[in-house]
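Here is a briefing on one protein model.

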Amino acid sequence: MTSTRHDRELSYGWAAGLCAAALSLAMAPATRADPTPPVAESTTTLFQNVRVFDGKHATLSAPSNVLVSGNVITQISTGPIDAGAGARVIAGGGRTLMLGLIDAHWHAMLIRGAPAAILAGDAGYSNLLAGAEAHDTLMRGFTTVRDVGGPAFSLKQAIDRGVIDGPRIYPSGAMITVTSGHGDFRQLTDLPRRAGQLTRVEELGGAAIADSPDEMRMRAREQLMHGASQIKVTAGGGVSSPFSPVDVTAFTEPELRAAVEAAENWGTYVAAHAFSDESIRRSIDAGVKVIEHGFLMSEPTAQLIAQKGVWLSLQPLPEALREGFPPGSVQRKGADEVWPGIDRTYRLARKYKLKTAWGTDVLFSQALAQQQGAILASLSRWYTPAEALIMATSTNAELLRLSGRRNPYTGALGVVEQGAYADLILVDGDPLTNLNLVADPARNFLVIMKDGKIYKDTLAN
């Protein structure tokens with residue numbers, strides 16, 4: 001039967017309405033990292049007869065019982081706790097119950113695969129690799145990471161929604177750099193820069209290039225629009241990038257101020273990759289709140305950091321990372337210059353009581369990522385086991401709270417106390433006397449819980 005004009009108009013209008021609705025859904029901010037993950041399915045778990053490391057004190061508690069309801073800790077007592085019918089009971093046997101660990105300098109999307117392979121390869125494959133690495137990160141006992149460079153927004157969303165297993169992620173999004181700066185992985189054949197044309201690293205979201213205050217504002221706002229909890233800039237040269245000698249100072253102060261202004265308008269902060277005195281001081285003058293690395297700084301600059309109350313995010317970079325760069329390469333030369341400063345900077349941090357966070361900064365190496373706990377244990381060169389574990393739990397959690405209302409996880413992190421997120425590890429031994437226990441999580445972490453959900457339980461059988 002032939003359609004009438006009226007019928008065709010109704011049909012076209014209905015189809016147009018469906019298209020408009022679909023377009024509206026496609027353009028909705030669902031692709032942005034969820035600010036609040038969905039509420040976890042209600043469960044109850046009782047840890048019996050455990051000695052608690054609460055993330056704040058250098059001693060373990062008396063034998064205690066800890067009740068978890070849903071995704072939070074609801075009761076801690078040296079006396080019996082009635083968990084109710086159906087509760088899961090874990091007999092601790094006097095072992096240590098400690099916090100899930102926090103890595104404050106992580107690159108969730110940039111662990112597996114060399115830079116050339118990531119840039120030339122398929123983004124879908126890179127995401128699958130990152131998902132597998134996220135699972136392994138959690139199985140090492142790291143329940144939270146601050147991601148300081150890389151397109152981790154979708155990975156975070158998948159973890160928060162329970163699609164895959166992994167740690168909580170505080171994402172920065174693309175690290176913002178200047179032309180030739182740390183994070184600019186373009187080749188010389190990509191020059192000169194063409195207006196309006198993005199390079200591969202920018203398309204993937206690994207880095208964003210900004211060469212003026214206006215470009216800096218735009219790039220920072222783009223990351224905030226994606227759901228960044230903080231902004232990461234590279235204020236000086238680095239080691240792993242091909243065209244960024246470590247002595248170079250990158251952004252001008254007005255450019256850095258533009259990033260700080262954009263972040264503060266959103267109630268959050270800027271973290272700056274900086275090695276040298278000049279890049280550190282310029283960042284501080286611009287209002288940056290966190291310095292990443294700082295391994296070439298002088299003692300007067302350490303005093304300035306203390307005076308201004310700026311955070312120093314340090315990493316006890318392993319020698320294997322330096323040796324992984326080919327001898328004679330620009331990266332190896334930079335590493336050879338930076339590595340002697342690691343010990344000196346940790347000693348300055350202790351001397352001036354700087355607000356010091358801990359992270360690993362593993363890049364492009366699955367093998368090194370597997371040493372995440374061992375890198376934490378290497379802090380014993382400068383800190384007691386208790387000091388190191390406090391840094392990797394409650395101190396790092398304090399740093400995370402700098403993101404203010406951009407904080408994607410508003411509950412208490414980094415402490416074992418009533419009302420805090422239930423991110424817990426049952427350890428076979430006492431890590432406050434033997435920090436090396438965290439270097440072998442496969443053997444020593446018997447139970448791993450994140451957000452009230454048990455991901456590993458070797459005592460179940």
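The points below are grouped by topic.

This is a predicted model: local features need pLDDT of at least 70, side-chain atom pairs count only at pLDDT 80 or more, and totals for chains, interfaces and linings use all residues. Residues are numbered from 1 along each chain as its sequence is written, and side-chain values use heavy atoms, without hydrogens and water.

**Nonpolar cores**
- A nonpolar core is a set of buried Ala, Val, Leu, Ile, Met, Phe, Trp, Tyr and Cys residues joined through side-chain atoms within 4.5 Å.
- Buried means under 20% relative accessible area, exposed over 50%, partly exposed in between (1.4 Å probe, protein chains only).
- The largest core has 91 residues, with the most contacts inside it made by Leu101, Ile231, Val233, Trp358, Leu379 and Leu389.
- This core draws at least three residues from each of domain 1 (44-100 + 416-457) and domain 2 (101-382); the domain bounds come from an automatic or database domain assignment.
- Another core, of 17 residues, lies apart from it and includes Val52, Val68, Leu97 and Met449.

- His182 sits in the loop between strand E9 (175-177) and helix H5 (200-204).
- Helices (H or I, at least four residues) and strands (E, at least two) are DSSP runs, numbered from the N terminus.
- His182 counts as buried because its relative accessibility is 10%.
- His182 and Pro245 are 63 residues apart in sequence, yet 8.4 Å apart in space, C-alpha to C-alpha.
- Leaving out residues up to four places away in sequence, His182 has contacts (heavy atoms within 4.5 Å) with residues including Met175, Thr234, Ser244 and His273.
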